[in-house]
Every structure is written in C-alpha cells, then in structure tokens.
Amino acid sequence: MKEYIAAVVFGILLGFIVQRSRYCMTGAIRDYILFGVTRNLKITLMVLAIITFFYTLFLTYGIFNPTLVPAGWFTFVGGVIFGIGMALGGGCVTSTFYRIGEGQWNYLVSAIFMLVGIIAGSALFNIAPYAFFYEGYTFMGYDYGLVWLNDLLGVSPIVVGVVQAAIFALAYYKIARSEA
Amino acid sequence: MGLKELIQEPLDEKKGGLALGIVLVLLVIPALGYGRAWAFAGGLRWVDYQLLEALGAYSLLTNSFWSLIKSPMLVFIFLVAFVLGSFIAAKLNDEFVNTWDRSTVHYQIIGGFLMGVGIVLITTCNIGIFLNSLPQLSIGGYIAAVGLVIGTYIGARLYERTM
C-alpha cells in the first residue's frame, strides 16, 4: 500500500514540476542540435549531475535495486527508432503525457499508438526464437547484457559516478558561461 | 520565495533542474515508498498486458527477461498521477488549453508507433535511459543513449523536411 501512495504523491509532484518548468527531453536534444537552444539541455545536464552522484552513492551502499536494461546492438537500434519517433511525435512519453494533462488532446493519439507500437514491436522482437533478450542471451559474458560500467572497470559505482557527475556539471557550466 | 510564487511562477531552468533533481533523488529511496528510478514505459506495458490478457494473447508481451521486471501496475499508477500533477499545475495557472491540433496528428501516429516499437528494444523509454540508466552507469543505457541522440537528429531533420 505504501508504494502505491508514494507512486501517487511522487507522480503528482513530478507532473507538477515538469509542467511548470516545461521540461522536454526531446527538446533538449532537438533544439540544441537544430537551433543551438540550450534551455532543456541545461535542465537535463543539471539533473544528471545531481542524480548521477546520488544514484551511484545509493548503488554503492545497496540502498536501491538498479534498473535492468539489456545491452546489445538491438539497444542501439531501439534507441534510434525511439529517437526518430519522439522527434516526429513532438515529444517523448513523458512530455506526451504532461501535454495530455494540459489538455492538448492530439497527444492522446501519440499515447494510443505507443500502445500499438509496443504490441507490434513485441510481436516482432519479443518471441523466441527471434527474441533479442531471452534466457541464455549474453553480452560481453553477462546474462541479458546486464552490466554496469563500474563492473567493467572493477571499481565501486561512486568512483565512476563522481567522475560522470563532474562531466555533466562541467558541461552545464560551460554552456551557461558561454551564454552569460 | 513563498509557496504561491512556487506554484504560480513558471520555473526557470535552474529552479526547474534543481526541483527535478531533488525529487528524482527522493524517488529512488525505498524508505520513501517508491524505491525505483523514473520511467513510464512499464506503465504502458501494463495497459497492453491488460488488453492482451483479455484477448488471451498475454504471452506475446512477455518472456524470461520481462519476468524480471516487477509490478508494472505501480508504474501505471505513477503515470496517471503524473498526468494529474500536470493537470493541476495547468489548471492553477490558467494554462489548461483544451485543444485538438489536427495538423500534427499524422506525426503523432507515426511518432507514437515508433516510440512503442523502440520501447520493446530498449526495454524502457528515453527518460528510463537518460535519467535512470545513465546515472546508474548501465552499459545498455549508454548504448541506447547514443542511438537516441542519433535518432532524434534524424527525426528532427525528417520533421523539418516534411513540414
């Protein structure tokens, strides 16, 4: 029960903040590449600097379970397909849903076709023997390709996390300074 | 800054980034109840589970990997609450627009569909890659992130050309 209450409270809070800050990750990438507009990119970099530090700290002390994302060439292809989709659709899953909350009903069409796309994608990629991640699939010797950079380097997550957080923070300050 | 300003002023990039960062740190702390990082794809998968289960084709959506992913219904509730939060923020600030922009619907059909297909391959959405897997140093996250940047570039160019 506690987790459902937390899901509701955090969900409302996050929806509120994203709507008030007009945060859009599609915009972060697209606007920077096409127009050199950095607003959403700066938000992304700041968030990444903060959460990289804390997430790797928490992972180091085993405070929460890491998210499982398999690795392989299909991960790259999936990223490209999703990226094309979010640029064409005018927003990723998150910004699609905050716009629905704002009453931009055409984004409901995006949401419905996401559901259709998941079923179509599953029919194509999810069923053995065509599945990319199935029982017995390994990438670099790891089951399902579930591997973390700190494992490959043989150090604890926080060591890599501090460096990665610093890179994101530095990128943020470089962009902010160049505009000041 | 008072609560009223906090609710009504649009958040600039510094305040927005800081607020988002703090909430996303709190989100993963198990003692606070949710205990997992931000992603919405699981919530969409849960809706598809319900649809396909009703049609007797549940097995289409699942395999040995997906069985490792726990309680997607929780993510669906999180997603609905997120829409509610955005609705409250928009209503409080007279930004609830209630519009139907027909001119972009064909992009939303193609875009939504491609995002859905992409979700199956990367097992999450772009937030699940950038604001969840990347700060956890996941190799799959890094690979997908490169693909997402390239895909967004291609998609944005396509959008420009076909507008």
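The predictor assigns the complex an ipTM of 0.95 and a pTM of 0.94. For chain B, the mean pLDDT is 91, and 94% of the residues reach 70 or more. Where pLDDT is low, the predicted coordinates should not be read in detail.

Chain A contains 8 helices and 2 strands, and its elements, read from the N terminus, follow the order α-α-α-α-α-α-β-β-α-α. Taken along the principal axes, the C-alpha atoms of chain A fill a box of roughly 50 × 40 × 40 Å. Of the 180 residues in chain A, 57% are buried, and among the contacts in this chain with a separation of 6 or more, 58% are accounted for by residues 24 or more positions apart. Chain B, by contrast, has 7 helices and 0 strands, so that from the N terminus on its elements run α-α-α-α-α-α-α. The C-alpha trace of chain B spans about 50 × 50 × 35 Å along its principal axes. Buried residues make up 48% of the 163 residues of chain B, and residues 24 or more positions apart provide 51% of the contacts in chain B with a separation of 6 or more.

The interface between the chains brings 112 residues of chain A into contact with 109 residues of chain B. On the side of chain A that touches chain B, two or more residues each come from helix H1 (2-21), helix H2 (25-35), helix H3 (39-60), helix H4 (73-89), helix H5 (93-101), helix H6 (107-125), helix H7 (149-153) and helix H8 (157-179) of chain A. H1(A) gives the most to this side, with 19 residues. By class, the residues of the side of chain A that touches chain B comprise 74 nonpolar, 29 polar and 9 charged.

The contact of H6(A) with H3(B) has 7 nonpolar and 2 charged residues, and no polar ones.

Within chain A, the axes of H1(A) and H5(A) likewise come within 10 Å, crossing at roughly 90 degrees, which makes H1(A) roughly perpendicular to H5(A). Here A:Gly15, A:Val18 and A:Gln19 in H1(A) meet A:Thr94, A:Tyr98 and A:Gly101 in H5(A). The residues of the contact of H1(A) with H5(A) divide into 2 nonpolar and 4 polar, with no charged residue.

The largest nonpolar core holds 107 residues, of which A:Val47, A:Ala49, A:Val93, B:Phe40, B:Ile119 and B:Ile127 touch the most other members. H3(A) supplies the largest share of this core, with 14 residues. When residues up to four places away in sequence are not counted, B:Phe40 touches A:Val93, A:Thr94 and A:Phe97 in chain A, as well as B:Val75, B:Leu79, B:Cys125 and B:Ile127 in chain B.

In H2(A), the buried residues are A:Met25, A:Thr26, A:Gly27, A:Ala28, A:Ile29 and A:Arg30. Their cover includes H3, H4 and H5 of chain A, together with helix H6 (126-133) and helix H7 (139-162) of chain B. Just after H2(A), A:Gly36 adopts a positive phi of about 70 degrees. A:Val37 lies in the loop between H2 and H3 of chain A, and it counts as partly exposed because it has 13 C-beta neighbours inside 10 Å. Leaving aside residues up to four places away in sequence, A:Val37 touches A:Asp31 and A:Tyr32. The C-alpha atoms of A:Val37 and A:Ala169, which are 132 residues apart along the chain, are separated by 18 Å.

Terms used. Residues numbered from 1 in each chain as written. Chains lettered and ligands numbered in written order. Predicted model: local features only at pLDDT ≥ 70, side-chain atom pairs only at ≥ 80, totals over all residues. Contact = placed C-beta atoms within 7 Å. Helix = DSSP H or I, 4+ residues; strand = E, 2+ residues; numbered from the N terminus. Nonpolar A, V, L, I, M, F, W, Y, C, P; charged D, E, K, R; others polar. Axes fitted to C-alpha atoms, helices over the stretch in contact; angles between N-to-C directions. Parallel < 35°, antiparallel > 145°, perpendicular 65-115°, else oblique. Core = buried A, V, L, I, M, F, W, Y, C linked by C-beta atoms within 7 Å. Buried ≥ 20, exposed ≤ 12 C-beta atoms within 10 Å, placed from the backbone. pLDDT = per-residue confidence, 0-100.
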